[in-house]
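This briefing goes through one protein chain, topic by topic. Look at the sequence and the structure first, then read the points below.

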Amino acid sequence: MKKIEAIFKPFKLDEVREALSEIGVSGLTVTEVKGFGRQKGHTELYRGAEYVVDFLPKVKVEVVVPDKLLDGAIDAIVKAARTGKIGDGKIFVTDVGQVLRIRTGETDEAAI
């Protein structure tokens, strides 16, 4: 099993959720986050004063998938989240040693 953490622009969330649902991913966790990479933030004007916005709003989606769905899930996220512009985001993949569903006691792939 693998855990996919994808960080991307907030307005792409619905497209990513739908793309993952189409390939059989049944659940995910979404967190609103802030950060920056090569974008380095931007400058805004508020009441006549200029200020720097260092951290840009992003969305982090976390999903655990069986190994057989990994490549399809990554492709679905990339296709749905890509705009072709700087700041499209990142995807991180890590191994998951164990999963346990609290309600039923199911473990591993049965618990996903």
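**Briefing on the chain**

I74 is found in helix α2. The protein chain has 2 helices and 6 strands, and from the N terminus on its elements follow the order β-α-β-β-β-β-α-β.

**I74 and its surroundings**

- Leaving aside residues up to four places away in sequence, I74 touches I4, I91 and V93.

- Four strands form an open sheet: it has 4 strands in the order β2-β5-β1-β6, and the pairing is antiparallel.
- The edge strands are β2 (29-35) and β6 (89-95), each of which pairs on one side only.
- From one strand to the next, the twist averages 20°.
- Helix α2 (residues 70-81) packs on this sheet and touches β1, β5 (56-65) and β6. The direction of helix α2 makes about 5° with that of β1.
- In general, the strands of a sheet pair through backbone hydrogen bonds, either parallel or antiparallel.

**Strand pairs**

- Strand β1 (residues 2-8) pairs with β6 in the antiparallel sense over 7 bridges. K2 has D95 in β6 as its bridge partner.
- The pairing of β1 with β5 is also antiparallel, over 7 bridges. Which residue of β5 stands opposite I7? That residue is K60.
- β2 and β5 run antiparallel and are joined by 7 bridges. Here E32 stands opposite V59 in β5.
- β5 is mostly covered, with 8 of its 10 residues buried.

**The chain as a whole**

- The radius of gyration of the protein chain is 17 Å, whereas a compact globule of 112 residues would have one near 13 Å.
- Of the 112 residues, 31% count as buried.
- The protein chain exposes about 7600 Å², and carbon and sulfur atoms supply 50% of that area.
- Taking contacts between residues at least 6 apart in sequence, 72% join residues at least 24 apart.

**A residue with positive phi**

- D108 lies in the segment after β6.
- The phi of D108 is near 55°, a positive value in a residue other than glycine.
- Most residues other than glycine have a negative phi.
- How accessible is D108 in relative terms, and what does it count as? Its relative accessibility is 33%, and D108 counts as partly exposed.

**Confidence**

- The average pLDDT of the protein chain is 91, and 94% of the residues score at least 70.
- Where is confidence lowest, and where is it highest? Confidence is lowest in strand β3 (residues 42-46), at a mean of 67, and highest in β1, at 98.
- Where pLDDT is low, the predicted coordinates should not be read in detail.

Key. Residues are numbered from 1 along each chain as its sequence is written. This is a predicted model: local features need pLDDT of at least 70, side-chain atom pairs count only at pLDDT 80 or more; totals for chains, interfaces and linings use all residues. Side-chain values use heavy atoms; hydrogens and water are left out. Two strands pair if DSSP finds at least two bridges between them. Axes are lines fitted to C-alpha atoms, for helices over the stretch in contact, and angles run from 0 to 180 degrees between N-to-C directions. Contact means heavy atoms within 4.5 Å. The radius of gyration is taken over C-alpha atoms; the globule rule is 2.2 Å times the number of residues to the power 0.38. Buried means under 20% relative accessible area, exposed over 50%, partly exposed in between (1.4 Å probe, protein chains only). Accessible areas come from the Shrake-Rupley method with a 1.4 Å probe; for residues, only the protein chains shown count as cover. pLDDT is the predictor's confidence in each residue, from 0 to 100.
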